[in-house]
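Thank you for having me this morning. I would like to walk through one model with you, beginning with a space inside it and ending with the helices around it.

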Amino acid sequence: MSSVAVTAQTAGKGAARAAARRRAQGKASGSATRRAGWVVYLLLAIALVVSVFPLYFTLLLGSSDPVSIAQNAIPQWLPDASIFGQFQEVVTSDAINFWKALGNSVLIGVVCSASVVLFSTLAGYSFAKLSFRGRGPLLVFVIATMAVPTQLGIIPLYILMSEIGWYGKVQAVIIPGLVTAFGVFWMTQYLSEALPYELIEAARVDGASMIRTFWSVALPAALPAASMLGLFTFVQQWTNFFWPSIILTNENPTLPLVVRSLQANYFVDYSLVMGGIFLVTLPLLVLFAFVGRQLVAGIMAGAVKG
């Protein structure tokens, strides 16, 4: 008896169809290995230049003086060491609380990333591999919430946070970001393909509980997608401006609010503002430099595993 027939008897027809589809995809991928042509490399090079140029232009403006920026929109083509002076002025400025904002941004990014990964993986595993009443309509409802603009919920959320006394506090930003519909959808789609029913059935036959099966089988299989979700969530929270600008104050800001405070004067020093923007973006670049390669390798390993 084939493994697909065994899966059909132990895990149902849906699991058998998924196993047959994965087997067919594995055969197709093995016979269709091709190298990318020069057109692909050209398009990738254009996409790279278009993506990097705004950040490079910010660095150019940050290393220029205000007079040069006023006289010429592109004052120079190469940055110089004056950008470090802008960094120092941003960090030591008395008009803003940079270190307080840095601590708040790190706290919000880390807590929200860990929470979104945990709850989204739990929900994704339930939707992808468990059978319960109302699973389909509930998943459709979760996905439908992604179509609702964030601005529609701002006023009720603001009233709620004000009533419970969280106006101006960091938890007013953390609590609404503990789980996202996109995270649930992302992990559901990934675990549907990357986690075979055979592994779950084997763990249950060995006597593993539902929680132990999730911890020892589902969570390792979800690690590549969970890493990407955590990184995306951290970047989203790090650059989030809309909701923190409403609920937080200048005494308890995040980094995007600090950058806004740099231009809250009659005379806007664009070189200082651009230096502040580049300084706020710099941790994200360092993060991608350290973990980007491992994340891409993990995604490719997870794709081949399915």
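Predicted model: local features only at pLDDT ≥ 70, side-chain atom pairs only at ≥ 80, totals over all residues.

Let me begin with the lining of the largest cavity, which by class has 5 nonpolar, 4 polar and no charged residues, where Ala, Val, Leu, Ile, Met, Phe, Trp, Tyr, Cys and Pro count as nonpolar, Asp, Glu, Lys and Arg as charged, and the others, Gly among them, as polar. Residues are numbered from 1 along each chain as its sequence is written, and side-chain values use heavy atoms, with hydrogens and water left out.

A cavity here is a set of points, on a 1 Å grid over the protein atoms alone, where a 1.4 Å probe fits but cannot get out, whereas a pocket is an open set with protein on both sides within 12 Å along at least five of seven lines, and lining residues have an atom within 4 Å of a point. The largest cavity holds about 40 Å³ of space, a volume being the space filled by probe spheres set on the points, which are joined across faces, edges and corners. Its lining consists of S105, I108, V173, Q237, W238, N240, P244, T254 and P256, and α6 and α13 (223-238) each supply at least two of the lining residues; helices are DSSP runs (H or I, at least four residues), numbered from the N terminus.

How do α6 and α13 cross? Their axes, which are lines fitted to C-alpha atoms over the stretch in contact, come within 8 Å and cross at roughly 145°, on a scale that runs from 0 to 180 degrees between N-to-C directions.

Turning to the largest pocket, about 830 Å³ of space lies in it, and of the 22 residues that line it, T150, P176, V179, T180 and Q236 lie nearest its centre. The helices α8 (154-163), α10, α13 and α14 (242-247) each supply at least two residues of this lining, which divides into 14 nonpolar, 8 polar and no charged residues.

Finally, helix α10 (residues 181-194) also packs against helix α6 (residues 98-129), at an angle of about 50° and with the axes 7 Å apart.
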